[in-house]
Amino acid sequence: MTASVFLQSGDLLPEALNISFKLVPAIMVVGMLALFLAIGYVFKVADTEGMWVAGRSIGNIENGMAIGANWMSAASYLGLAGLVALSGFYGLAFIIGWTAGYFVLLIFLAAQMRRFGKYTAPDFVGDRFNSDTARAIGALTTILIGFVYSVGQARGMGLVGLYVFGTDYVTMVIVMMAITVGYLTISGMMGATKNMAVQYVILIIAFLTAVYVVGFTGGYSTVLPHIEYGQLIGELSAEFSEPFVNAGFYLWIATAFSLIFGTCGLPHVLVRFYTVENEKTARQSTVWGLFFILLLYWSAPALAAFGVDLYDASQYGPTFAANGGMSGGEGDLIVVLAAQLSNLPTWFVGLVAAGGIAAAIATTAGLFITASSAVSHDIYTNIINPDATQRQQVFVGRATIVALGIIVTVTAFDPPALVGELVALAFSLAAIVLFPMFFLGLWWENTNRQGALAGMSVGLTLWVAAVVNDLIFHFSDLFAEFVPAIGAALVGTPLVFVVTIAVSMATDEPPERIKKMVRQCHSPEPMGQQQSAEDVVMSADGGQSPADD
């Protein structure tokens, strides 16, 4: 892979997946979707506190499960194994990147972000840098991330629904997205969080059961498939097992870098820290989230290896070998395909498929909530209509969920890349534009409005150029080689840091009130459950100044 890392999504092979209506799996999926709708209705909200941050009432284990479900998207449940199956060693960059980022979050951001105590990521940017313009750029970035990320989830739901119900792909995308949008418009963050805990249980049981049952029935493993699958590596093709065959060393590093720091900049991840009671719970829930994530990520390469070997040995292997190997569509469903080719009962394969739908819906929920809060809270309320009532804010938020759902659904009809690759683009954007603002905003009190605006503008411009070059116009192979869309943060994030620091040093320091808010984020003194750093500072200073711009 030189000019572009993106693989073609490709067509499915209906015979290999036995794409047809399956009664028992269909009952399982319909029952699961009905459960999600019921939970959303039971925990429905009517105010902004419940809509955006679940009343800041979520405990550490429940929030850890919500983090895991938020993270175990279609890109993790389906796409991660698919990327490993299609690109071998290069796919490991996604496992490393999507895991290591949580250590950075745990050490540098989780507790500090909770003490800052706002509703959304753009809220942090706008208030920390005292700028409505910065808030607007943060909100735009949040909406872009939600859009790009959600297209991958919609594709995953459509592919799995296709296997279970046997209709066409487009119909399944529409149906699955309609159900997701339906329960989100009712429930808000409170219902979404309760659902995420349930969704995590469903997806992890389905995935781990698939790893063990496929490994045992195929003779690949006995006790610990996560390690025993290694004996397969030598038997599989060089493209799967040899380092840097599918992608060079630079691209591997760039991808892992983007995913690590993109993790720390994703708004739907950061908002999880606003939903908990205090900074201690934020740290604990991050550790629990890491544990829940590990259970799947440690298993994905094993299931990918099993699936590739089963596929090559099946009657369908030679057909695709003659056409250059497994297609992207097959890769995105390698988890389901592995169970199917192991001749396991249809109900069992349906369970695996249901886990994929649960994973996609859980992440879409988090993305849509953060995107809707960016529009309703950060743009509508803070910029357009400061006197908006809570009812108006909730209405705008729900309307945004519906509008975003329609746009994502239509785009997912013909996506430009694989599930995992689409999601990686969102990580690249978060790493370049938002992570530097979060890190510098919390750890260097002299970061100012001018520096933040300059850094975010440079980062957003670079990311757009990289995506356009990789996916649309291909104006420069050299640019694509050193600034690939998936790994653009390796160049972009340090550049944004330099620009932000340089401009901040060359211009006036931020107001003392802002500096005190940053210090409060690191104070050992406990804060109230509903308190923010700004509340503490304002109660001491007795005043509030408007945004500089």
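**Entry 1: an arginine and its partners**

I started with the side chains of Arg135 and Asp378, which meet in a salt bridge at 3.4 Å, N to O. By salt bridge I mean a side-chain nitrogen of Lys or Arg within 4 Å of a carboxyl oxygen of Asp or Glu. Helices here are DSSP runs of H or I with at least four residues (strands are E, at least two), numbered from the N terminus.

Before going on, a note on what I'm looking at: this is a predicted model, where local features need pLDDT of at least 70 and side-chain atom pairs count only at pLDDT 80 or more, while totals for chains, interfaces and linings use all residues. Residues are numbered from 1 along each chain as its sequence is written, and side-chain values use heavy atoms, with hydrogens and water left out.

Next I checked burial. Asp378 counts as buried, because its relative accessibility is 0%, and Arg135 is buried too, with 4%. The cut-offs are under 20% relative accessible area for buried, over 50% for exposed and partly exposed in between, with a 1.4 Å probe and protein chains only.

Asp123 counts as buried at 4% relative accessibility.

Asp132 also pairs with Arg135, at 3.6 Å, N to O. These two are 3 residues apart in helix 8, so about one helical turn separates them. Asp132 is partly exposed, at 24% relative accessibility.

Salt bridges with shared partners join Asp123, Asp127, Asp132, Arg135 and Asp378 into one network. I count the whole structure at 8 salt bridges.

I looked up Leu140, found in helix 8, and it counts as partly exposed at 42% relative accessibility. The C-alpha atoms of Leu140 and Ala371 are 8.8 Å apart, although 231 residues separate the two along the chain.

Then Thr381, in helix 20. Is Thr381 buried or exposed? Buried, at 10% relative accessibility. Its side chain reaches the backbone oxygen of Ser376 at 2.8 Å. Neighbours within four places in sequence aside, I see Thr381 in contact (heavy atoms within 4.5 Å) with Ser376, Pro386, Ala388 and Gln393.

**Entry 2: a nonpolar patch**

Last, the surface. Phe21, Leu23, Val24, Ile27 and Trp347 form a nonpolar patch, with about 550 Å² of accessible area together. Such patches take residues with over 30% relative accessible area and no salt bridge, joining nonpolar side chains (Val, Leu, Ile, Met, Phe, Trp, Tyr) within 5 Å and like charges within 9 Å. Areas are Shrake-Rupley with a 1.4 Å probe; for residues, only the protein chains shown count as cover.

Helix 2 (residues 23-42) gives the most to the patch, with 3 residues. I checked Ile27, which is in helix 2, and it is exposed, at 54% relative accessible area.

Notes: A polar contact is a pair of N or O atoms within 3.5 Å; within protein, one must be able to donate a hydrogen and the other to accept it, and residues adjacent in sequence count only if both atoms are side-chain atoms.
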